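Subject: Structure for you to look at

Hi,

Here is the structure I promised to send. Please open it next to this email and follow along as you read.

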Amino acid sequence: MQSTAETDITDGLQSDTAERVAFLNRNSKIFHAVLAQQFDTNVISELCELSEMIRAISATRQGTQFLTTLLNYRRAMLYFTQPSTRTFLSFTAACQVLGLRYNTVRDPKTSSEVKGESEEDTVRVLSQYFDIIIMRHPKAGFAEHVARILEHMPRTIPVINGGSGKDQHPTQALLDVYTLFRCFTTPTSVRGSRRYHCNPFVGKTIAFVGDLKRGRTVRSLTYLLARYPGVKLVYISPPELAPEEDIVEYMRRSDVEFEMADDLQKWVGECDAIYMTRLQDEHDVAGESKKIDYSRYSLTLDMAPQFKPNLVIMHPLPRRGELDEKLDSLPQAKYWAQVRNGMWMRAALIALIFEVDGAILEHYQNYYTL
Amino acid sequence: MQSTAETDITDGLQSDTAERVAFLNRNSKIFHAVLAQQFDTNVISELCELSEMIRAISATRQGTQFLTTLLNYRRAMLYFTQPSTRTFLSFTAACQVLGLRYNTVRDPKTSSEVKGESEEDTVRVLSQYFDIIIMRHPKAGFAEHVARILEHMPRTIPVINGGSGKDQHPTQALLDVYTLFRCFTTPTSVRGSRRYHCNPFVGKTIAFVGDLKRGRTVRSLTYLLARYPGVKLVYISPPELAPEEDIVEYMRRSDVEFEMADDLQKWVGECDAIYMTRLQDEHDVAGESKKIDYSRYSLTLDMAPQFKPNLVIMHPLPRRGELDEKLDSLPQAKYWAQVRNGMWMRAALIALIFEVDGAILEHYQNYYTL
Amino acid sequence: MQSTAETDITDGLQSDTAERVAFLNRNSKIFHAVLAQQFDTNVISELCELSEMIRAISATRQGTQFLTTLLNYRRAMLYFTQPSTRTFLSFTAACQVLGLRYNTVRDPKTSSEVKGESEEDTVRVLSQYFDIIIMRHPKAGFAEHVARILEHMPRTIPVINGGSGKDQHPTQALLDVYTLFRCFTTPTSVRGSRRYHCNPFVGKTIAFVGDLKRGRTVRSLTYLLARYPGVKLVYISPPELAPEEDIVEYMRRSDVEFEMADDLQKWVGECDAIYMTRLQDEHDVAGESKKIDYSRYSLTLDMAPQFKPNLVIMHPLPRRGELDEKLDSLPQAKYWAQVRNGMWMRAALIALIFEVDGAILEHYQNYYTL
């Protein structure tokens with residue numbers, strides 16, 4: 001595990017990462033799911049395997065009905081005060097897969113905040129009605145802050161971070177790794193769920209392209225991939241949008257090879273996976289990204305002849321012009337599958353937190369060959 | 001079937017109706033439900049019969065619980081970006097009747113569109129999480145456009161049109177026909193569900209009153225009623241708000257008698273059904289409807305002595321002044337029943353699309369006399 | 001019962017309270033739940049007992065699953081057009097506890113009101129889709145108005161008042177009484193549910209503190225507590241925010257002792273319960289409450305040495321500065337428990353209205369010792 005001494009990147013939370021991870025992972029289990037650093041390769045493998053089993057069980061009506069009985073006695077709060085469609089809906093669908101009932105708070109204007117309540121009090125109240133809080137919030141570090149507040153309540157419930165500021169987005173990173181696992185391994189070569197207990201990244205080149213400075217997706221995914229020796233990561237961005245220093249520093253201390261680059265055209269034929277990202281101009285302070293020629297960080301159909309045949313094209317979506325719609329019909333386009341993988345992975349994470357992973361495994365073993 | 005050669009009225013979709021209907025009705029089944037022209041008299045009868053069975057089964061707790069097991073392994077997306085209460089809630093209630101779990105997108109401002117995503121991509125993402133998309137949209141033809149987009153995705157899921165621009169509103173037309181069927185036939189004279197396998201419109205006069213130019217309800221209902229020889233349709237409106245040319249043309253080519261009129265007072269005693277509609281002034285370009293004396297197209301209590309005893313008064317709601325609240329207590333007022341019929345009809349349509357109509361029939365035959 | 005002749009305080013509803021209560025409590029049962037005056041001590045005891053049983057049954061997975069089968073064949077409409085988080089979520093959680101499916105209307109802007117529909121018609125439509133309407137509304141008396149409108153519809157369904165203007169908030173009052181019952185009795189001394197069939201208020205001093213003029217919570221709770229002879233109520237507020245004349249008049253005619261005061265410091269050591277409330281400055285007409293020194297009506301940690309050891313500190317929340325966060329860790333702080341009690345009490349009320357209280361009692365007796 002590398003997750004010990006790196007500089008804390010989260011605003012206002014000065015505690016050291018090892019302490020933070022220990023707090024979030026109680027008794028070596030995932031209790032809260034807030035930081036990408038919490039997930040070591042064993043847990044990642046377990047979550048990928050669980051995702052795969054949930055997906056397989058869902059393929060039949062009887063299996064789907066089994067899954068919906070697993071958590072039908074629990075209630076989730078989706079507290080999403082930062083705009084989001086796909087992450088929000090992915091979580092709601094994941095809850096439904098497991099029969100977990102949920103309610104939502106999305107627009108702070110309809111909430112008690114108009115009456116002058118602190119957001120901390122709002123969360124304390126929520127913890128009295130619900131068994132888990134899944135949250136997306138504009139403030140970096142807020143999910144962890146909430147996890148610490150709940151520590152002092154009569155009922156302590158788990159918190160899942162569905163994205164916080166430009167800081168972290170750990171469930172996106174998990175679904176991305178799951179997508180890469182699925183694409184880099186095959187069901188036949190690595191039978192059944194054992195497929196996920198290996199390092200399929202050895203010798204693979206994975207490029208991140210675009211606004212790497214402000215995309216939290218890339219930060220969280222870096223933390224996960226850096227755990228797999230033998231992978232090579234390439235960060236391709238305009239110089240102004242290169243990854244922040246903490247990520248560079250983190251990579252330096254890791255066991256994996258990495259490279260900073262600014263020319264997509266040069267790298268496109270080398271990659272086993274290309275992870276496209278959009279310009280995050282909503283974080284612009286003074287329109288600074290208008291000066292950047294982002295077209296150089298776009299993937300287009302005319303590059304297709306250079307693609308490796310098994311290239312994996314990914315994108316966390318939403319996309320703009322940087323990922324040409326004409327690529328959608330190529331076999332290398334995996335971004336729609338990536339969306340659906342997110343639903344399975346989020347269901348797996350919730351199942352792990354509520355400790356129904358054993359029930360899923362048992363059902364799977366009874367009905368499917370491993 | 002008349003649905004072959006009429007002019008395409010949908011903006012931007014130039015394909016011929018026969019091709020469109022064939023695309024939507026795959027293998028002679030309703031796959032997507034987008035256009036009123038898709039529904040022939042056999043399907044209409046089947047849907048009315050199914051609505052009636054669902055209603056009857058719902059009358060007991062045990063029956064209701066049976067129904068909620070039918071689709072509890074599926075998930076629906078209600079994508080309603082045009083304001084709507086009743087159609088939206090009618091669909092949510094219909095989903096709940098069948099145990100179909102759902103999620104909603106209502107306010108595009110909370111969606112990824114703020115990050116510059118195309119609405120097509122939003123729908124592509126939704127198709128990865130859900131098993132059906134039920135949509136209401138301000139743009140005419142959008143539901144069909146979505147159905148065609150999904151054709152190219154790894155997972156193709158059905159689309160139901162819950163109203164698109166001033167174009168079509170097919171589920172409203174279906175519930176309207178169901179309401180007319182229920183009122184024009186009696187359970188005793190036509191036993192059980194066979195009640196819906198006849199043409200109860202022979203010799204009936206049905207008037208549409210009000211803003212017939214811009215009300216999509218009337219357009220969709222016209223398509224359905226024109227399939228029943230022997231009915232007489234009367235379009236009563238201010239000359240400025242008469243039905244658009246495509247509807248007039250369509251009626252001319254149909255087998256049914258119809259008339260254009262502008263004097264409600266003259267017709268009120270002749271009608272077996274009067275379908276009131278409100279002024280659609282939200283479609284005004286320059287306040288043109290302010291000049292119209294709409295009070296001449298209002299139904300009031302002082303007209304009641306002229307009503308036929310079995311007159312059916314309908315209104316798609318919401319109403320304004322054109323349908324006097326004082327009429328609410330008359331036995332001829334069927335508009336609240338019409339609302340409730342909508343819930344059953346929408347449940348029937350969803351059941352047909354997911355092919356659980358057979359299970360409903362079987363349950364019905366086991367528990368109820370046909 | 002004292003609920004016979006008091007002045008009607010609700011704007012625009014001039015009928016006498018006895019008639020109103022008779023209308024709402026049909027055949028001596030709670031049909032609609034709109035006014036605090038509807039609940040006599042027998043019903044209060046029954047609801048507290050039912051809350052306690054639901055809470056106990058919910059402690060196991062098997063019990064929770066039993067509860068969710070009770071009302072899974074019904075549908076609720078939560079019509080909350082006044083901003084609210086906690087009451088809204090408390091009701092949704094209560095519905096989920098009982099398996100009651102629900103839909104919501106929260107933002108009138110997405111509703112048909114933009115098309116000019118009256119709110120009465122909106123409610124009439126809702127009554128066609130749902131089996132109960134739970135509402136919060138800015139207008140005093142609106143819930144009762146709706147109950148009376150529905151009287152004239154083909155389907156009459158119950159209405160629960162989740163708060164109306166500055167008038168009443170009966171479910172808050174019920175959960176407050178339940179909280180007091182729980183704190184003033186002990187499970188061991190009064191075995192099982194019989195615990196709630198007594199008057200635990202004899203000799204107790206309960207203080208209301210803060211903006212007592214405009215807080216509907218205090219009005220509703222006063223109606224309930226005035227039914228318990230032997231309690232002493234103290235109303236502590238700035239003179240400008242003293243309770244309105246109708247409450248004073250009501251207390252005068254009741255059997256219980258009460259006092260008006262303005263000095264919290266003087267009373268703090270005398271009280272068995274202190275019910276804090278925030279300044280309701282959203283009801284200010286011209287910023288009048290800015291002149292008030294509300295800090296004198298705040299509970300702070302430096303008062304703690306004066307607290308009785310079994311003092312019950314309550315607050316309907318949201319709080320501002322009047323209830324110091326530093327008090328949260330004291331054993332006397334009961335406001336988070338109060339929040340959770342609200343969920344159980346609301347579930348109990350819904351269960352009583354739908355007459356599944358018998359099924360709950362039977363299950364409880366089978367599985368738990370009384």
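In this predicted model, α4(A) passes α11(A) in a right-handed crossing. Helix α4 spans residues 86–97 of chain A, and helix α11 spans residues 335–353 of chain A. Their axes come within 8 Å. They cross at roughly 55 degrees.

Sorted by class, the contact has eight nonpolar residues, two polar ones and two charged ones.

Now to the chains.

Chain A touches chain B, with 22 residues of chain A in contact with 22 residues of chain B. On the chain A side, α3 (61–68), α4 and α11 each give two or more residues. Which element gives the most? That is α4(A), with six residues. By class, the chain A side has eight nonpolar, eight polar and six charged residues.

Chain C touches chain B too. Here 22 residues of chain C meet 22 residues of chain B. On the chain C side, β2 (101–105) and α5 each supply at least two residues. The largest share is from α5(C), with six residues. This side of chain C holds seven nonpolar, nine polar and six charged residues.

Next, look at α5(C) on its own. It runs over residues 119–129 of chain C. Is it mostly covered or mostly open? It is mostly covered, as nine of its eleven residues are buried. The buried ones are Asp121(C), Thr122(C), Val123(C), Arg124(C), Val125(C), Leu126(C), Ser127(C), Gln128(C) and Tyr129(C). What do they pack against? In chain B, they pack against α4 (86–97) and α11 (335–353). In chain C, they pack against β1 (75–80), β3 (132–137) and α6 (142–150).

Pick out one residue of that helix, Ser127(C). Why does Ser127(C) count as buried? A residue is buried if 20 or more other C-beta atoms lie within 10 Å of its own. Ser127(C) has 24 of them within 10 Å, so Ser127(C) is buried. Leaving out residues up to four places away in sequence, Ser127(C) touches Ile133(C), Leu150(C), Met153(C), Arg155(C) and Ile157(C). Val159(C) is 32 residues from Ser127(C) along the chain, and their C-alpha atoms are separated by 10.0 Å.

Last, the symmetry. Two copies of a chain are related by a rotation about an axis and a shift along it. How is chain A laid on chain B? A turn of 120 degrees does this, with a shift of 0.0 Å along the axis and an RMSD of 0.0 Å. The two copies are therefore related as by a three-fold rotation axis. Chain C also superposes on chain B by a rotation of 120 degrees. Again the shift along the axis is 0.0 Å, and the RMSD is 0.0 Å.

Best wishes

How values were computed: Residues numbered from 1 in each chain as written. Chains lettered and ligands numbered in written order. Predicted model: local features only at pLDDT ≥ 70, side-chain atom pairs only at ≥ 80, totals over all residues. Helix = DSSP H or I, 4+ residues; strand = E, 2+ residues; numbered from the N terminus. Buried ≥ 20, exposed ≤ 12 C-beta atoms within 10 Å, placed from the backbone. Contact = placed C-beta atoms within 7 Å. Nonpolar A, V, L, I, M, F, W, Y, C, P; charged D, E, K, R; others polar. Least-squares fit on C-alpha atoms with pLDDT ≥ 70 in both. Axes fitted to C-alpha atoms, helices over the stretch in contact; angles between N-to-C directions. Left-handed = near helix turned anticlockwise from the far one by under 90°.
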